[in-house]
Amino acid sequence: MNYKNFPMVPRVIFGRGSFNQLSEIISPKRLSSAAPFIYLVDDVFKSNSWLTSRISLSYDDRIIYISTKEEPKTSQVDTLVEEIILSTKARPSGIIGIGGGSVLDLAKAVSIMLTNEGETRLYQGWDLVKNPGLYHVGIPTLSGTGAEVSRTTVLTGPDKKLGINSDFTPFDQVVLDPELTKDVPCDQWFYTGMDCFIHSIESLKGTYLNAFSKTYGDMAFNLCQEVFLNNSALSKEETEDKLMMASWHGGMSIVYSQVGIAHAMSYGLSYVLGTKHGIGNCVVFDHLEEFYPEGVQLFKKMKMKHNIELPQGICAQLSEEEMNAMINIALGLEPLWENALGKNWKKRISSKQLKSLYLKM
């Protein structure tokens with residue numbers, strides 16, 4: 001048996017207000033006064049001086065605001081990389097992502113593509129990256145995606161939605177400051193938190209499960225139940241702290257495991273309809289009782305408790321071609337199906353079953 005030797009985030013700081021220590025954390029990593037730090041910041045913070053005033057820019061450092069209206073694309077990474085190369089005198093000292101999963105994934109991808117040749121789409125897959133990326137720092141302002149700790153950066157390319165899964169993808173430094181999540185709107189908080197809950201269910205119910213994944217998966221699962229079902233005794237601060245740790249553990253549970261059916265089908269929705277990842281997972285998971293009965297039951301309770309109305313009928317108007325594209329994207333994610341249904345997964349799921357599931361959404 002040949003076991004994978006996975007990298008982990010080597011440095012992490014956790015605590016309310018720890019964002020204030022960012023400049024002292026990164027300054028030893030500055031290569032020269034000509035080598036800037038590039039901050040990729042979710043544009044929701046553009047006029048938020050509470051956050052932006054604490055980003056200390058020196059020399060040629062700059063902030064690039066990122067729109068997250070759409071899921072991250074390989075073409076978006078290519079554009080950012082070109083813009084950075086053309087506007088900097090020297091290779092940057094580092095890339096710092098501040099935002100939700102989309103911005104964190106873009107920061108990871110940009111750091112890799114600044115040191116690897118060619119187009120980003122060529123690196124979608126497993127272990128295709130040749131050179132270590134630039135120093136990169138992840139600062140989540142949303143909790144749930146696990147992007148701060150994962151070894152992938154999920155991108156929509158011209159012909160598929162797939163991550164750059166590599167040993168060079170994880171962040172070199174993560175700053176976990178739960179205070180940064182204080183203004184997240186309720187529905188966004190729920191959808192992103194459910195990404196973590198669904199990670200833990202897919203990991204715990206998967207055939208790849210082992211003690212490593214189970215330990216982290218159990219922790220994420222229990223914290224999500226505390227936050228989304230039994231939260232009456234928790235203060236807002238405790239809820240933020242616990243959800244941030246749930247996200248970390250949910251991401252860690254996938255390191256030696258995989259996600260499953262909800263993620264595979266959600267990738268299909270995202271590729272064809274542009275559905276955002278968190279909400280897409282929720283729309284799919286709502287219909288997966290057959291595969292995850294207890295998990296879906298708990299999910300429906302959480303949805304009811306927080307008065308969440310999921311969009312209905314999003315696949316009703318799809319053409320045959322679009323439906324087939326969605327099914328092919330989903331079925332193309334073989335490790336996810338193998339984790340969910342075992343080695344003989346092709347005998348247990350068909351295009352026809354997927355079509356009938358998509359038509360319920």
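The second largest pocket holds about 260 Å³ of space. A pocket here is an open set of points on a 1 Å grid over the protein atoms alone, with protein on both sides within 12 Å along at least five of seven lines. Volume is the space filled by probe spheres set on the points, which are joined across faces, edges and corners.

Quick caveats. This is a predicted model, with local features needing pLDDT of at least 70 and side-chain atom pairs counting only at pLDDT 80 or more, while totals for chains, interfaces and linings use all residues. Residues are numbered from 1 along each chain as its sequence is written, and side-chain values use heavy atoms, leaving out hydrogens and water.

Back to the pocket. Its lining has 13 residues, meaning residues with an atom within 4 Å of a point. T181, W189, K236, T239 and E240 lie nearest the centre. The largest share, four residues, comes from α7. By class, the lining has five nonpolar, five polar and three charged residues. Nonpolar is Ala, Val, Leu, Ile, Met, Phe, Trp, Tyr, Cys and Pro; charged is Asp, Glu, Lys and Arg; the others, Gly among them, are polar.

Now α5 itself, residues 186-204. Helices are DSSP runs of H or I, at least four residues, numbered from the N terminus.

How does α5 cross α9, residues 277-285? The axes come within 8 Å and cross at roughly 55 degrees. Axes are lines fitted to C-alpha atoms over the stretch in contact, and angles run from 0 to 180 degrees between N-to-C directions. On the α5 side, F190, Y191, M194, D195, F197, I198 and I201 make the contact, defined as heavy atoms within 4.5 Å. From α9 come H277, G278, I279, N281, C282 and F285. The contact of α5 with α9 has nine nonpolar, three polar and one charged residue.

Next, α8, residues 261-273. Here α5 packs at an angle of about 130 degrees, with the axes 9 Å apart. So α5 is oblique to α8 too. D195, I198, H199 and E202 of α5 meet I261, A262 and H263 of α8. That contact has three nonpolar, two polar and two charged residues.

Last item: the largest cavity, about 30 Å³. A cavity is where a 1.4 Å probe fits but cannot get out. F6, P7, M8, V149, R151, M252 and V255 line the largest cavity. Six are nonpolar, none polar, one charged.

Note on methods. Helices (H or I, at least four residues) and strands (E, at least two) are DSSP runs, numbered from the N terminus. Angles under 35 degrees count as roughly parallel, over 145 as roughly antiparallel, 65 to 115 as roughly perpendicular and the rest as oblique.
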